[in-house]
Amino acid sequence: GKTVLMELALLRLFSLTGRSPAPARPPPGASSSEASSSSAPRPKAIYIAPVKALATEKTKAWQAMFGRFGLSVREVTGDSDGSYTDQVQEIFDGDIIVTTPEKFDSVTGRWRERGVGA
C-alpha cells in the first residue's frame with residue numbers, strides 16, 4: 001500500500017508542475033500562469049532502495065508505468081556504467097531517480113566541491 005501511495009503522489013507532483021500529459025493545475029495560492037512558468041525548477045523524485053536488486057526491479061516497473069506519462073526513470077547504482085560525470089548527467093536528465101544509499105552518497109556527497117549544478 002505504501003508504494004502505491006507514493007506512486008500516486010509522484011503522478012500528482014508531476015501533473016501539478018506540467019511534467020505529464022495530465023492537465024496541470026496550479027498549487028493552492030498560485031495563479032495558472034505561475035504554475036506553467038518555464039523558469040520554475042524541474043521537480044525530481046529520488047527513490048533510495050536498500051539493495052541494488054530492488055532498485056533494478058523498481059526501475060523496470062516504473063519505466064513502463066511512468067514512461068507513458070512522458071516521465072524519465074533513471075537507475076544510478078554501483079553497477080551503472082560511465083564516469084562520475086555520466087552518472088551526474090543521469091540524475092540531471094531523469095525525472096525519477098532510483099538509487100542505493102551508497103551510490104547516491106558517493107555521487108552527490110561532494111557536489112559543491114566539484115561545482116556541480118553551479
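This is a predicted model: local features need pLDDT of at least 70, side-chain atom pairs count only at pLDDT 80 or more; totals for chains, interfaces and linings use all residues.
Figure 1. Look along α1 for its buried residues, which are Glu7, Leu10, Phe14, Ser15 and Leu16.

**Figure 2. A closer look at leucine 10.** This residue sits in helix α1. Is leucine 10 buried or exposed? Its relative accessibility is 8%, so leucine 10 counts as buried, the cut-off being under 20%. Leaving aside residues up to four places away in sequence, leucine 10 touches Ala45, Phe66 and Ile96. Now find lysine 44: it is 34 residues from leucine 10 along the chain, yet their C-alpha atoms are separated by 9.3 Å.

**Figure 3. The largest nonpolar core.** Twelve residues make up this core: Leu10, Phe14, Ala45, Tyr47, Ala49, Ala55, Trp62, Phe66, Leu71, Val73, Ile96 and Val98. At least two residues come from each of α1, β1 (45-48), α3 (52-67) and β3 (96-99). Helix α3 gives the largest share, three residues. Here's some background: in soluble globular proteins, nonpolar side chains tend to be buried together. Pick out isoleucine 96 and see who it meets: Leu10, Phe14, Ala45, Trp62, Phe66, Ser72, Val73 and Arg74, not counting residues up to four places away in sequence. Another core lies apart from this one; it has five residues, among them Val76, Val88, Ile91 and Val107.

**Figure 4. The aromatic cluster of Tyr47, Trp62 and Phe66.** These three residues form one aromatic cluster. How many aromatic pairs does a search of the whole structure find? The search turns up two. Tyrosine 47 and tryptophan 62 make an edge-to-face pair, with 5.0 Å from centre to centre and 85 degrees between the planes. This pair links distant parts of the chain, since tyrosine 47 is in strand β1 and tryptophan 62 is in helix α3, 15 residues apart. Both tyrosine 47 and tryptophan 62 are buried. Tryptophan 62 also pairs with phenylalanine 66: the ring centres are 6.2 Å apart and the planes are at 65 degrees, so this pair is edge-to-face too. Tryptophan 62 and phenylalanine 66 are four residues apart in helix α3, which means about one helical turn separates them. Like tryptophan 62, phenylalanine 66 is buried.

**Figure 5. Threonine 59 in helix α3.** Helix α3 is where you'll find threonine 59. With a relative accessible area of 3%, threonine 59 is buried. What does its side chain reach at 2.7 Å? The answer is the backbone oxygen of alanine 55. Threonine 59 touches Val73, Glu75 and Val98 as well, again not counting residues up to four places away in sequence.

Figure 6. A general rule is handy here: an α-helix has 3.6 residues a turn, so residues three or four places apart point the same way.

Definitions and conventions
Residues are numbered from 1 along each chain as its sequence is written. Side-chain values use heavy atoms; hydrogens and water are left out. Buried means under 20% relative accessible area, exposed over 50%, partly exposed in between (1.4 Å probe, protein chains only). A nonpolar core is a set of buried Ala, Val, Leu, Ile, Met, Phe, Trp, Tyr and Cys residues joined through side-chain atoms within 4.5 Å. Contact means heavy atoms within 4.5 Å. A polar contact is a pair of N or O atoms within 3.5 Å; within protein, one must be able to donate a hydrogen and the other to accept it, and residues adjacent in sequence count only if both atoms are side-chain atoms. Rings of Phe, Tyr and Trp (its six-membered ring) pair if their centres lie within 6.5 Å; planes under 30 degrees apart count as stacked, over 60 as edge-to-face and the rest as tilted.
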